[in-house]
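Here is a briefing on a two-chain model. Start with the pocket, then move to the interface and the charged pairs.

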Protein chains: 2
Amino acid sequence: MKRDSRLSGVLHILLHMARQPGPQTSETLARAMETNPVVVRRLMAGLREQGLVRSEKGHGGGWVIARDLDRITLRDIYEALGEPEILAMGNRTEAPGCLVEQAVNAALGSAFDEAEALLLRRFGEVTLAQLSADVVDRMPSAADTTTLENAHEA
Amino acid sequence: MKRDSRLSGVLHILLHMARQPGPQTSETLARAMETNPVVVRRLMAGLREQGLVRSEKGHGGGWVIARDLDRITLRDIYEALGEPEILAMGNRTEAPGCLVEQAVNAALGSAFDEAEALLLRRFGEVTLAQLSADVVDRMPSAADTTTLENAHEA
DNA sequence: TTTCATGTAACTTCAAATGATACGTGAGTG
DNA sequence: CACTCACGTATCATTTGAAGTTACATGAAA
């Protein structure tokens, strides 16, 4: 399967939005991500429904973040995306009659559950504010005025 | 993508083999798994290369486990399968120039790594012997003579 | 030599993310 | 009011890898 990069992608979008004052269009955000505006809208749709972002049509429209950055965790975003599959592996059958398969499912299942739970816990501990601060830490000090355009020239 | 169930499948195969004395053919094992003999051979190919199982051609041939059950961990089997992808999610880009994406990758990447490490650690702690014992625990006591055939009728 | 069973290549099927095109809707602008 | 901008969304193509299937070669035992 192709690796799911929606969480990675939407975080990229949100952090770019966080660094710019006004509304950002899907068009602009798509260029920063080297992708298509429709992909941006699709990613953002779930976030809008959860009230994490707002969108406006027409002139001067675009996307804005609708909540304080320190009150949005990666977990909130993950859930807004529709809680995509975390693991690429799984049990062959869900409710097998075969005792052998039941034993396999029990052993693998608990390991899978633990790994998922760990990841979700980590997601819950990281806020957009923290990530945004990390971006600043990574910047050569003089470049604090980096715009969406030249952010991708480096 | 479709969920990868190779580990689950190969464990099912191995535990069925563990409960029968002689060599088992791909044909027989495939019937127990409700799949195709070629799929069985494909799953077992890696295990054979790692010396976990042996195969013989011709009359009376088939597959046998080549090592004590308590010396085979799920991790051994996972590695013999070629270490398939564990996570369905990943970073959009591996070595991005964009500082924003670098920050995203760092945050997500460490969480991903932790989850993977946890799962692999769990795999390393479980042996085939333990799983096989668990199968017995799940059996109604009188059914200890369950064969491959009626194991799937219950 | 016939049969059985593995070893593999090649093809089809399937699922889901991603990319792209097209068109509808609503909000500003002139 | 007409026009443009930007989102909303349906639809289709592309991509990737697992899983299933068919076909045939190889080697071992009867």
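Which residues lie nearest the centre of the largest pocket? They are A:Ser5, A:Arg6, A:Val39, A:Arg42 and A:Leu43, out of 13 lining residues. This is a predicted model: local features need pLDDT of at least 70, side-chain atom pairs count only at pLDDT 80 or more, and totals for chains, interfaces and linings use all residues. Residues are numbered from 1 along each chain as its sequence is written, chains are lettered from A and ligands numbered from 1 in the order in which they are written, and side-chain values use heavy atoms, with hydrogens and water left out.

**Pocket**
- The largest pocket has a volume of about 310 Å³.
- A pocket is an open set of points on a 1 Å grid over the protein atoms alone, where a 1.4 Å probe fits, with protein on both sides within 12 Å along at least five of seven lines; lining residues have an atom within 4 Å of a point.
- Grid points are joined across faces, edges and corners, and the volume is the space filled by probe spheres set on them.
- Helix H3 (37-49) and helix H1 (6-18) of chain A each give two or more residues to the lining.
- H3(A) supplies the largest share, four residues.

**Interface**
- In chain B, 54 residues are in contact (heavy atoms within 4.5 Å) with 53 residues of chain A.
- The two chains bury about 4,900 Å² between them, 69% of it on carbon and sulfur atoms.
- Buried area is the accessible area (1.4 Å probe) lost when two parts are put together, summed over both.
- B:Arg3, B:Met89 and B:Arg92 supply 15% of the area that chain B buries against chain A, more than any other three residues.

**Charged pairs**
- A salt bridge is a side-chain nitrogen of Lys or Arg within 4 Å of a carboxyl oxygen of Asp or Glu.
- The count over all chains is 18 salt bridges.
- Four salt bridges cross the interface of chain B and chain A.
- B:Glu85 forms a salt bridge with A:Arg3, with the closest N and O atoms 3.6 Å apart.
- Within chain B, B:Glu27 forms a salt bridge with B:Arg31, with the closest N and O atoms 3.7 Å apart.
- B:Glu27 and B:Arg31 are four residues apart in helix H2 (residues 26-33) of chain B, so about one helical turn separates them.
- Helices are DSSP runs (H or I, at least four residues), numbered from the N terminus.
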